[in-house]
Amino acid sequence: MKFYKYQGTGNDFVMIDNRLENFPKNNTKLIESLCDRRFGIGADGLILLENDNSTDFKMVYYNSDGNESSMCGNGGRCLVAFAKSLNVINNEATFIATDGLHNATIDENGIVSLQMKDVNEVKIESEYVFLNTGSPHHVTLVNDLENYSVKENGATIRYSDLYGKVGSNINFVNQISDNHFALRTYERGVEDETLSCGTGATATAIAMNAIGKTNSNAIEINVEGGKLKVTFEKSDKGFEKVFLIGPATFVFEGEIEI
Ligand SMILES: N[C@@H](CCC[C@H](N)C(=O)O)C(=O)O
């Protein structure tokens, strides 16, 4: 079976065209081993592109632990680039994912602008903000982000009573200027820091606006693997027309025996 490797600001994925439905979707061990960085291809997640009756395609996302999970923003952007390479789309896409319908565009430089779900609930606590941008995100400001122990502190919060069995992704943030933030994320299902998290960048932009750290609705986020931009419109209902924007890049392709 053919596989394709893509990355979006360093968040990397194994992509498989499953339109013929020949991938063993319930084989958690297989997905985990394909994502293994020593014994497999190596990736933060695996994504299937499948047929959908009413949109261009369906996104099925698995974390590197082999379990199907909630929405992946960078993965969604990479899947749009993959769909274009397969001629499933041209420069615009509509696709269905676990959190609903997504619209996206891809330009000639491989920059993908992906519409994320509206966010109508933002829980603001003194030490953190919690919100769901397709995946659950805990967002907290820290000092000295460069030297911060993301894996250790992220795991402590992720497994704490705050989030129980379901857990959450944990984002540590530093403000650079009015509309510019640096972000490091501990990802649930990878159980480690990743170089970028798209739903995390989206959550961070909304959280920083919600707590008044910025009044901007066009926010730049530096992640360890590059730069992302998040734009949105704020209304009485919450945050709408939310877009995650950044590069999505093909890395290599190969064959796997299943
Ligand atoms: N890397 C992702 C987030 C993927 C889902 C997450 N690990 C979870 O299970 O909640 C992104 O770019 O959004």
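Asn63 counts as buried, at 5% relative accessibility (buried means under 20% relative accessible area, with a 1.4 Å probe and protein chains only). This is a predicted model, where local features need pLDDT of at least 70, side-chain atom pairs count only at pLDDT 80 or more, and totals for chains, interfaces and linings use all residues. Residues are numbered from 1 along each chain as its sequence is written, and side-chain values use heavy atoms, with hydrogens and water left out.

**Binding-site annotation**

- An unreviewed UniProt entry lists a "binding site" that includes Asn63, Asn169, Glu187 and Arg188; such annotations may be inferred rather than shown by experiment.
- From that set, the lining of the largest cavity takes in Asn11, Asn63, Gly73, Asn169, Glu187, Arg188, Gly198 and Thr199.
- A cavity here is a set of points on a 1 Å grid over the protein atoms alone where a 1.4 Å probe fits but cannot get out, and lining residues have an atom within 4 Å of a point.
- Asn63 sits in strand E4 (strands are DSSP runs of at least two residues, helices of at least four, numbered from the N terminus).
- Setting aside residues up to four places away in sequence, Asn63 touches Ile31, Asp44, Gly45, Ser69, Glu187, Arg188 and Gly189 (contact means heavy atoms within 4.5 Å).
- Asn169, in strand E11 (residues 169-177), is buried too, at 4% relative accessibility.
- A polar atom of the Asn169 side chain lies 3.0 Å from the backbone oxygen of Pro136.

**The two annotated cysteines**

- Cys72 is in the loop between strand E4 (57-63) and helix H2 (73-85), and is buried at 7% relative accessible area.
- Cys197 is in the loop between strand E13 (192-194) and helix H4 (198-210), and is buried at 5%.
- Beyond four places in sequence, Cys72 has contacts that include Asn11 and Thr199, while those of Cys197 include Asn11, His137 and Glu187.

**Nonpolar cores**

- The largest nonpolar core has 49 residues, and Met15, Phe57 and Met59 have the most contacts inside it.
- That core draws at least three residues from each of domain 1 (2-116 + 247-255) and domain 2 (122-244), with bounds from an automatic or database domain assignment.
- A nonpolar core is a set of buried Ala, Val, Leu, Ile, Met, Phe, Trp, Tyr and Cys residues joined through side-chain atoms within 4.5 Å.

Conventions
Buried means under 20% relative accessible area, exposed over 50%, partly exposed in between (1.4 Å probe, protein chains only). On a 1 Å grid over the protein atoms alone, a cavity is a set of points where a 1.4 Å probe fits but cannot get out, and a pocket is an open set with protein on both sides within 12 Å along at least five of seven lines; lining residues have an atom within 4 Å of a point. A polar contact is a pair of N or O atoms within 3.5 Å; within protein, one must be able to donate a hydrogen and the other to accept it, and residues adjacent in sequence count only if both atoms are side-chain atoms.
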